[in-house]
Amino acid sequence: MTRIDDVARLAGVSTATVSRALRGLPTVSAATRRRVLAAAEQLDYEVSPSASRLAGGRTGTVAVVVPRITRWFFSTVVEAVEEYLYQSGYDLLLYNLGGREHLRQRVLRTANLHKRVDAIMLVATPLRPADLTALAALDLPGVTISSGSRVPNWPCVRIDDVAAARAATRHLIDLGHRRIAHISGDPDDELAFTTHLDRRRGYQAELRSAGLRPDPSLDVESTFTIDGGTRATAELLARGEPPTAIVAACDEMAMGAVTALREAGLRVPQDVSVIGIDDHDLAGVLGLSTIAQPAAEQGRLAARMLLDPLGAHPPGPIVGQRSAGHDTPVILPTRLVVRESTAPPRAH
């Protein structure tokens with residue numbers, strides 16, 4: 001069986017050079033690459049991914065850290081990242097924190113990560129000062145997705161959560177709604193991160209721009225889940241006169257809101273309109289109006305940005321612009337998707 005050493009010997013280069021040449025890395029001259037490819041063809045050499053990586057001092061693996069893989073946004077991002085890395089010759093090492101503080105510390109604050117991966121992607125992962133210090137000490141390329149803590153010198157991909165919530169609220173105002181409620185994330189829930197704060201800010205800002213005063217009695221906090229949306233809406237209804245419309249901070253909460261409203265004998269959208277944010281896979285099936293965010297595209301773009309420092313050549317173009325520098329996040333656009341869950345308020 002032909003080995004990488006045989007190709008290196010015939011081409012008159014090192015095994016590391018053979019590895020780089022066969023992977024198409026830019027650090028190899030055109031003449032050397034042609035010599036290596038000719039030697040590999042002559043010896044009928046089949047590239048071993050593991051051998052090639054080791055020869056180049058790489059693991060060929062990227063760590064992806066998520067708070068909870070079972071949530072729609074995280075699973076959608078990870079699936080897109082995994083496919084992109086696979087096409088680029090890299091493997092994915094997934095760390096699903098699941099709310100476990102000891103696991104978060106073990107992943108982010110130990111040097112073992114340096115020996116296992118070539119780069120790190122953090123997807124909406126809450127960070128503390130000690131985490132930032134540990135990540136800097138690893139000296140690995142990295143990228144973050146979604147709002148929240150930024151890592152110095154790491155690029156970031158996200159949407160504008162304030163603008164998304166403003167667009168959702170504006171849709172309801174344009175339909176004629178004035179008594180508009182908001183159900184959002186619990187600030188004590190690690191998954192809410194800063195997303196719930198940004199989306200609440202957007203909701204309130206759009207109300208004020210329309211000359212409406214935000215009413216604290218119409219703003220309820222819960223978890224970013226269907227059950228959380230159900231509980232938040234039940235609490236909202238228990239406070240008195242129901243709103244004519246609800247802005248939910250995510251589609252899963254919006255689904256819970258629809259459930260609670262129907263259990264209370266209210267029709268959607270005839271009695272209460274509901275809009276979410278995300279465009280969850282089930283949103284279309286359920287007829288849910290929403291602000292669609294490109295979750296998979298965020299994953300693919302972040303993966304491309306992560307592979308660039310590694311000298312990889314990712315396949316195909318990616319829609320979306322890169323930031324000119326690491327200090328400015330790459331913000332991808334959202335869009336309003338109108339379905340059956342929103343309508344003008346019923347005339348009284």
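How many disulfides does a search of the whole structure find? The search finds 0 disulfides, a disulfide being a pair of cysteine sulfur atoms within 2.5 Å. This is a predicted model, in which local features need pLDDT of at least 70, side-chain atom pairs count only at pLDDT 80 or more, and totals for chains, interfaces and linings use all residues. Residues are numbered from 1 along each chain as its sequence is written, and side-chain values use heavy atoms, leaving out hydrogens and water.

**Cysteines**
- Cysteine 156 is buried at 2% relative accessibility, where buried means under 20% relative accessible area (1.4 Å probe, protein chains only).
- Cysteine 250 is also buried, with a relative accessible area of 2%.

**Helix α1**
- Helix α1 covers residues 4-11, and its buried residues are Ile4, Val7, Ala8 and Ala11; helices are DSSP runs (H or I, at least four residues) and strands are too (E, at least two), numbered from the N terminus.
- Seen down the axis, the buried residues of α1 fall within an arc of 100 degrees, so they line one face of the helix; the arc is that of the directions from the helix axis to the C-beta atoms.

**Nonpolar cores**
- The largest nonpolar core has 37 residues, and among those touching the most other members are Ile180, Ile246 and Leu261; such a core is a set of buried Ala, Val, Leu, Ile, Met, Phe, Trp, Tyr and Cys residues joined through side-chain atoms within 4.5 Å.
- Helix α12 gives the largest share of this core, 6 residues.
- A second, separate core of 29 residues includes Trp72, Met121, Val123 and Val157.

Terms used: Buried < 20%, exposed > 50% of the residue type's maximum accessible area, 1.4 Å probe, protein only.
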